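Subject: The structure we talked about

Hi there,

Here is the structure I promised to pass on. Please have it open while you read, and my notes on it follow just below.

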Amino acid sequence: MQFDPFVIPFNIGLNFILIYAVVRSVRWFMDLSRADKLRLQRGFFGKSFGQSLKEIFLESLIHRKILKTNFRLGYMHMSLAFGWFLLIFFGTLETDIFGIRHLNAPYKAIFFRFFNPDHGRAGFEAAYSFLMDFLLAFILSGLLLAVIKRFSSRVVGMKKTTRLKTIDKVALISLWLIFPSRLLAESFTSGAYGTGSFLTGSLGSLLASFLPAKEMAYPFWWLYSLSLGTFFILLPVTRYMHIPTELFLIFARNSGIRTGDQVGAFSEIQTYACSSCGICIDACQLNFSAGITNIQSAYLLKGIRNHENVSEIAYNCLMCGRCDEKCPVGIELTPIRMIRRRAEVREDPYKSIWKRYFPDTLKIIPFKQANRQVYSWLSETEPATTDVIYFAGCMTHLTPAIKNSMVKILETSGVKYNFIDRDGGVCCGRPLMLAGQDKEARELINFNAQTIRKSGAKTLVTSCPICFKVFKESYYLGIEVLHHSQFIKQLIDEESLKLNFLRKKVTFHTPCELGRGSGVYEEPREVLKYVARLQNTDYDDANSLCCGGSLGNMKINNQKKNKIARDAAFELTKCNPDILATACPLCKKTFSAATNTKVADIAELVAEALIIPQSEKNISDTHLKIKEPVII
Amino acid sequence: MGDFGFSLLKERHIDYDANDKSIAEYIYDREPSFRLCIECGCCSATCTTGNFTRFSLRELQILLKRGENDAVRENIMKCMLCGKCTLVCPRGVNTRNVVMLAREAFQKGLTYAI
């Protein structure tokens, strides 16, 4: 029996973490809703199993997404995760092939060199120990980057790195100690016996030349085992919990489980799956434009994990979704923030030591609301029956050029339509949702939905992406909901509209709620290509910037808002376009104040380019007579 | 005091003994831009709710600052938080947050205590 007391810390740690991971997974599974449980079962024993394995290999080990965004950072993560995995994998094989018997306890693979110091002198054995040395060198190169990153994050191409809590630092140090102590322990042992390959062998013989290698080796084997044990035991209470959680998350996501707007086990799993890598911090405009550095998603999730009061963090966010796009783990950060906004503010965060270091499930107490109707004063309306409803939205009423252009387009196309909020309508409910007041929002949604249903329309067109998103996701109308850019695209395809070409250079700003929020990228661009020369910017489509005027942020002050708007407008007008086009009244209003370039909505450009058929030129509609000074 | 034949109308009285400025203080602490308001009324002019009722954010802000909270408590829930007032405000008052904080303060049942 090969055994030595120094393997005990490692064994305790390993057994603890394995049992913990199983118990935690079972608890998460039990906490899932009934439908999600079925989904996960089907996903686990179905087709998506292979998909999950592939994703685990590519994302958890190779870290493909981080490699794509930032090579040096990706290399750091890959060398630690993939390198360690390979070291364990080949170490186990090594023990199986060269050890005294097959099927060994895990510790024999980890401390192989200690128990078989004579191994690796020649032939295949030497080649194998070369491989093991190579893997160790691979990990150590990544570790070197990690240490440098802690002190100067710019080296790995990151502007900011996350701040850590004390226990995270302890875990980080024990993680850092693992591989150097393995290197030294193996080197001393190799030096004493004259074995080892290019790394441990040469370092070993060098050390053995002036140190008593045989006696020195033993303490380092203890250190190696201790740092492994400490790391495993601290893992559940630190950010390194993301390692086991991510596996669970990948299976759950590939089974089709989504956050939605419900509090539940899945949002909790995502909270623990965050590795605090800090990529969301670099993506955040509040960070690089406004200089607010404590509210990014990594900090939100960290606060939730530590049972802190995060309501300030949750509300100080533009909800633009840039971090969702960039997150290498694929956590749905904005929905989690929305859920958090609805939670009650706790005055005294839980401080019990047990709760702090043995985290329980993250229960969210919903905001207690008075059970009375707030908008009961809304009087019912009787809209005329029609095919198409045009809902301008509150913001569009602040930018009348857009709604007048839309009226012109609708009139010219000959569609039978009803401008439902011509004289000012009721808000769509999305701003209330963003403010965490779902019950009130539901009242407005019910009111609007009734009005729309009464009109019997087949299509709802809206000019405001904020309304568009809520109509699509929360109204359940059962009719076609279109943003005006999509509707205009349809009209052009049907040849209901004839357009001139405007000979202008245009850049397009994708509004957050339309692009990342609702996934409409193509239609606005195609419409613009009909009427003007569209130029690309550095911030197109999914990478688009937020204008800063977002209704998502309740806390930001006016100066910082303007700073974000100016920075974004500067980036978008770098190629000196004649017009900065957008598809959102809020973006238009914010950008107009932030740049000298003319800002116009897609609808305005199309209305300007419109060829009005001869027979319809004498229409008596007042809106057609209004000549908007759209283009200079 | 002699009777001059004139008297103050009841609704013009501002009774500073009965007024409770705790809500206003709560908002000042958390949203300093509340102090910037010049009571111009742009917010009320553009208000979505104001289109249907006689809800006026300008009026509510004045009442809050004066400490006459009863009328505010009644009316503040009518706001739809659509954010037009924030956009048109010439002084850059974050009016949405003012409304949110006022609701929060009423919900917590703040009194003179703070």
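**Where chain A meets chain B**

Across the interface of chain A and chain B there are eight residue pairs in polar contact, with both residues at pLDDT 80 or more. A polar contact here is a pair of N or O atoms within 3.5 Å; within protein, one must be able to donate a hydrogen and the other to accept it, and residues adjacent in sequence count only if both atoms are side-chain atoms.

Before going on, a word on the source: this is a predicted model, in which local features need pLDDT of at least 70, side-chain atom pairs count only at pLDDT 80 or more, and totals for chains, interfaces and linings use all residues. Residues are numbered from 1 along each chain as its sequence is written, chains are lettered from A and ligands numbered from 1 in the order in which they are written, and side-chain values use heavy atoms, with hydrogens and water left out.

How many salt bridges are there between chain A and chain B? The count is zero, taking a salt bridge as a side-chain nitrogen of Lys or Arg within 4 Å of a carboxyl oxygen of Asp or Glu.

On the chain A side, α21 (394-398) and α24 (438-455) are among the helices that each supply at least two residues touching chain B; helices are DSSP runs (H or I, at least four residues), numbered from the N terminus. The top contributor is α21(A), with four residues. By type, this side of chain A divides into 19 nonpolar, seven polar and eight charged residues.

**Aromatic pairs**

Over all chains, the structure holds 43 aromatic pairs. Rings of Phe, Tyr and Trp (its six-membered ring) pair if their centres lie within 6.5 Å; planes under 30 degrees apart are stacked, over 60 edge-to-face and the rest tilted.

Phe3(A) and Tyr107(A) have ring centres 6.3 Å apart and planes at 90 degrees, so this pair is edge-to-face. Phe3(A) is partly exposed at 45% relative accessibility, whereas Tyr107(A) is buried at 5% (buried is under 20% relative accessible area, exposed over 50%, partly exposed in between, with a 1.4 Å probe and protein chains only).

Trp84(A) and Phe179(A) are also edge-to-face, at 5.2 Å centre to centre and 85 degrees between the planes. Both are buried.

Best wishes

Note on methods
Ala, Val, Leu, Ile, Met, Phe, Trp, Tyr, Cys and Pro count as nonpolar, Asp, Glu, Lys and Arg as charged, and the others, Gly among them, as polar.
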